[in-house]
Amino acid sequence: MAPTTVNGTSNGTDRSHEVLHRTPSPAGGPAAPSRPADLEAARASLRLALPEPGSKFSQDDEFCVVAEPDGTWREYRFHDYDRIFGVPGLYEKIFYDVLGCDSPRFMVGLLSEALAAAGEAASALRVLDLGAGNGIMAEELAAVGVDYAVGVDILTEARDAALRDRPGLYADYRVADLTKLPAAEREALAGHRLNALTVVAALGFGDIPPAAFRTAYDHVDQDGWVVLTIKDAFLEATDTSGFGGMIGESIRSGALEVVRRERFQHRLATDSSPLLYEGIVARKRGPLAG
Ligand SMILES: C[S@@+](CC[C@H](N)C(=O)[O-])C[C@H]1O[C@@H](n2cnc3c(N)ncnc32)[C@H](O)[C@@H]1O
């Protein structure tokens, strides 16, 4: 059976000045996430195959092959997000349908519980969603009543996919490299008066480096909320990625006050072994260590 809805290219439109606006919520309640029905159809129609079960790859090198409309198979490395986001539904198919990822929903659940315990309303949050990808975090945040989220990602293709697949969920979506943020971008982020940071499935492994995380953290108000997932090994004293010193030490010093911390299965690897991450919900009580 040939797949019917596979589109391997992004449209290349320059949307660098485009700003998304959230759909107003009915009667002050959480805005209903809007997602084109054809995203679900595209997701369902895709066919992909994983490497043979006995093979093992590092998380940096994992890949799958995807059936093209002409019947050929094309390889996608999991870190080729630009190509993956170009195919509607492919990100969801690989990571959610096949590899069982549920990290955004899980982490937003922890945040929601932490907010309730602190007596704070989700609607008061102004979230910087770092490594926002195609907007799955914004969808989950909206579902618990967060109605102001700003996406930041290094890829234009990520923003294009969020606009295409989950329109209206981000108040703004900036394509930026936070390791060398121009003054105009700093001002734009400061203008959003952010009091929460979410970074889910995006730290380390060639994705977001410690310096970018630090810049995002510095844009969040004192006592703001910080929600992150990270491979547990990155937090250990022996870690060489830079996260252990920065986040691990900040937790130990209390600059990052942990409210919830759970070890959880982020997703399966291609050999079906579980990838375990730390999920942390914390308050920013001071600057990061280092
Ligand atoms: C696995 S996706 C996660 C997307 C989203 N957080 C989610 O949970 O659905 C990782 C995202 O991080 C982005 N990313 C990688 N390096 C980055 C960087 N240096 N700065 C900002 N975003 C980055 C990628 O482009 C990609 O969209």
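Begin by selecting strands β4 and β5, which run parallel and are joined by four bridges. The model on display is predicted. In general, the strands of a sheet pair through backbone hydrogen bonds, either parallel or antiparallel.

Now display the side chains of β4. Val127 and Asp129 point one way, whereas Leu128 and Leu130 point the other way. Are these residues buried or exposed? Val127, Leu128, Asp129 and Leu130 are all buried.

Together with β4 and β5, helix α5 makes a right-handed β-α-β unit.

Proceed to β5, residues 149-153, and its pairing with β6: the two strands run parallel and four bridges join them. Within this pairing, select Val150, whose bridge partner in β6 is Asp172. Then show helix α6, residues 156-165, which packs on the sheet and touches β5 and β6. The direction of helix α6 makes about 160° with that of β6.

A further helix to select is α8, residues 210-218, which also packs on the sheet. Which strands does helix α8 touch? The strands are β4, β5, β7, β8 and β10. The direction of helix α8 makes about 155° with that of β7.

Finally, display the whole sheet. This open sheet has seven strands in the order β6-β5-β4-β7-β8-β10-β9, with mixed pairing. Its edge strands are β6 (172-175) and β9 (256-268), each pairing on one side only. From one strand to the next, the twist averages 20°.

Conventions:
Residues numbered from 1 in each chain as written. Predicted model: local features only at pLDDT ≥ 70, side-chain atom pairs only at ≥ 80, totals over all residues. Pairing = 2+ DSSP bridges. Axes fitted to C-alpha atoms, helices over the stretch in contact; angles between N-to-C directions. Contact = placed C-beta atoms within 7 Å. Buried ≥ 20, exposed ≤ 12 C-beta atoms within 10 Å, placed from the backbone. Right-handed = clockwise from strand over helix to strand, strands pointing away.
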